[in-house]
Amino acid sequence: MKQVSFYLKDMEGFHAWARSFRETCPQEAQTTFVSVFSGWKDKEETAALIRRLSKMLPEAVIVGVTTAGEILSGYLSERTAILNFMFFDKTDVRLHTADFSETPPEEAAASLVAKMGKEGIAGVGLFLAKNDSLSHRFLANLRPLPEHVKVFGGVAGVTAAGSSCVFTGGLAIDSGVVAAAFIGEALRVQLNVSVGWQPLGPSFCITKMDGDNVIRELDGNSPKYIYRKYLALSPEDIRHENLLFPLCVERNGRRIMRLPSECTDDGALTISGDCREGESVRLAYGDPGKILDASYKARLDIMNFAPEAIWLLHCVSRRFFLREATNQELRPFQKIAPSVGLYVYGEILGDGNGGVSLLNMSLVTASFREGVQSEDYAAPIELAPRTKDLNDRMKLVHCLANFVEVTSTEAEMANEQLTTLASIDRLTGLYNRGETETIFRKELIRNRSGSRDISAIMIDLDNFKSVNDTFGHAVGDKVLRWSARAIQENIRRGDAAGRWGGEEFLLILPGASMQDAADVAERIRTALEAGRILPDGRSVTGSFGVAQYPTNGDATGFYRRLDRALYRAKEEGKNRVCLAEE
């Protein structure tokens, strides 16, 4: 394969460029894939350019996207149109498009997933017209993707005239997606992501959202309160310093940044991306040296891959933050392989688990190669980034941030120890009643949308009073500890087990249906019955009530249903599992 890129300042240069292109382009290629990254002010002019390219190259596959800056040969370009040509020897490229004004995002996503599962695709490049709720719904429904499919892309940048759109067939789509599927057994695609912003201070739980991009509450407080308390920033300051202090979300093992775009007088925070109730977030700070170091580490991995072409998908916020250091981050990629890219309003990256994430403030690189690594490939010499000037400028900030991070970590460790002591039942090692109730409330907050099941099990040890009366309280305590171990050994990872009081236990099972919970209860019941724990060789059995939390239910009614199910198990002879009535 071969990648060749050109730029046009305007349509007047098209004819001269077309003549030179015919002289330099390969004569034979299985597939010619053309991507137009346009910063031109007039989107109709970009659409006209793509129509002319289609007429000139009728067999080519062509897509287009507006940008907030173009990247060519390691340098930032502005208000130009980059024409990028990928000539594949053994790879096909097919386009899938959807206009969200005509096709709902969920339907468009399902259609794309179905096609990807059938076509043996190595990678998919996604370009969305806007960073809005429709785009978020589309990305959220791209599950389950085949794990081997590498998904990358971006949200169209906004041009000087305020246009944000994608192009296909010479038509501009203001709300929708263009997906380019790369199909071929010989094609190898490697994805890398660089961030560089560092988390700072304690974590906060998102306890209330409006939609998917307005945070109302963090730990029950307004975001305005959090920014004012920890950074002494007013809502107006947040708008001006948002690049310095974004939010950091841990999702699917990846650190995702969220850029605040507005903080209202009532304290709500609008962010440039989606968040979810129940997620944990932290404040973060920007350090140019750390950002360039992250790019450096990504390049080392890319060099080992030995690519024949590289795409750079940069967040526009990263560009504005780095300022004069922007080209310092871009240039080294061109030394590895022909590189081209664009600045976007959100970077798209498959998470490796069948889902797709929308990132902010990061650099996503897609490296391409057809076939095995060439035997004569020699990796370029890569020096560590020259960040001395930047580090000098940020030294005070970095030292203070490190001080805060270390002291916060020490304080959190101490708090965790105190919290553990306050939340654990000392006899059994299970959660105490208060902590079990807290866990249940948090699970309900995480699942306000009702997108997954939550079930619970109430357990009461049978005839426990007679154990204490017959053998003494020391044996009774031993039975409670043994029963707690039997419970812990038979619940699922992620389940929470607590001592509800006396000889009663409550288990919270996130993501479990009624039948899932019944199966867990039966395992525990069998384990209790099999244990000859009493001095006379008898076992202590248990009665079990099982219930699934209903949609639009309430905690009080849920506990009542659990109690009724447990009471029925006692009435029907004990040592059994009873399911709550609907």
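**Close-up 1. Salt bridge between Arg258 and Asp274.** The side chains of Arg258 and Asp274 form a salt bridge with an N to O distance of 3.0 Å; a salt bridge is a side-chain nitrogen of Lys or Arg within 4 Å of a carboxyl oxygen of Asp or Glu. The pair links distant parts of the chain, 16 residues apart: Arg258 belongs to strand β17 (residues 254-258), and Asp274 to the loop between β19 and β20. Helices (H or I, at least four residues) and strands (E, at least two) are DSSP runs, numbered from the N terminus. Arg258 is buried, with a relative accessible area of 1%, and Asp274 is buried at 13%. Buried denotes under 20% relative accessible area, exposed over 50%, and partly exposed in between (1.4 Å probe, protein chains only). The model is predicted: local features need pLDDT of at least 70, side-chain atom pairs count only at pLDDT 80 or more, and totals for chains, interfaces and linings use all residues. Residues are numbered from 1 along each chain as its sequence is written, and side-chain values use heavy atoms, with hydrogens and water left out.

**Close-up 2. Salt bridge between Arg251 and Glu279.** The closest N and O atoms of this salt bridge are 2.7 Å apart. Arg251 lies in strand β16 (residues 247-251) and Glu279 in the loop between β19 (269-271) and β20 (280-285), so that distant parts of the chain, 28 residues apart, are linked. Arg251 counts as buried at 5% relative accessibility; Glu279 is buried as well, with a relative accessible area of 12%.

**Close-up 3. Salt bridge between Lys43 and Asp174.** The count for the model comes to 22 salt bridges. One of them joins the side chains of Lys43 and Asp174 at 2.9 Å, N to O. Because Lys43 is in helix α2 (residues 43-56) and Asp174 in the loop between β11 (171-173) and β12 (176-183), the pair ties together parts that are 131 residues apart in sequence. Lys43 is partly exposed, with a relative accessible area of 21%, and Asp174 is partly exposed at 35%.

**Close-up 4. Surroundings of Ser362.** Ser362 occupies the loop between β24 (356-359) and β25 (363-370) and is buried, with a relative accessible area of 1%. Its side chain makes a polar contact of 2.6 Å with that of Glu347. A polar contact is a pair of N or O atoms within 3.5 Å; within protein, one must be able to donate a hydrogen and the other to accept it, and residues adjacent in sequence count only if both atoms are side-chain atoms. Apart from neighbours within four places in sequence, Ser362 is in contact (heavy atoms within 4.5 Å) with residues including Val193, Val195, Leu313, Arg318 and Glu347.
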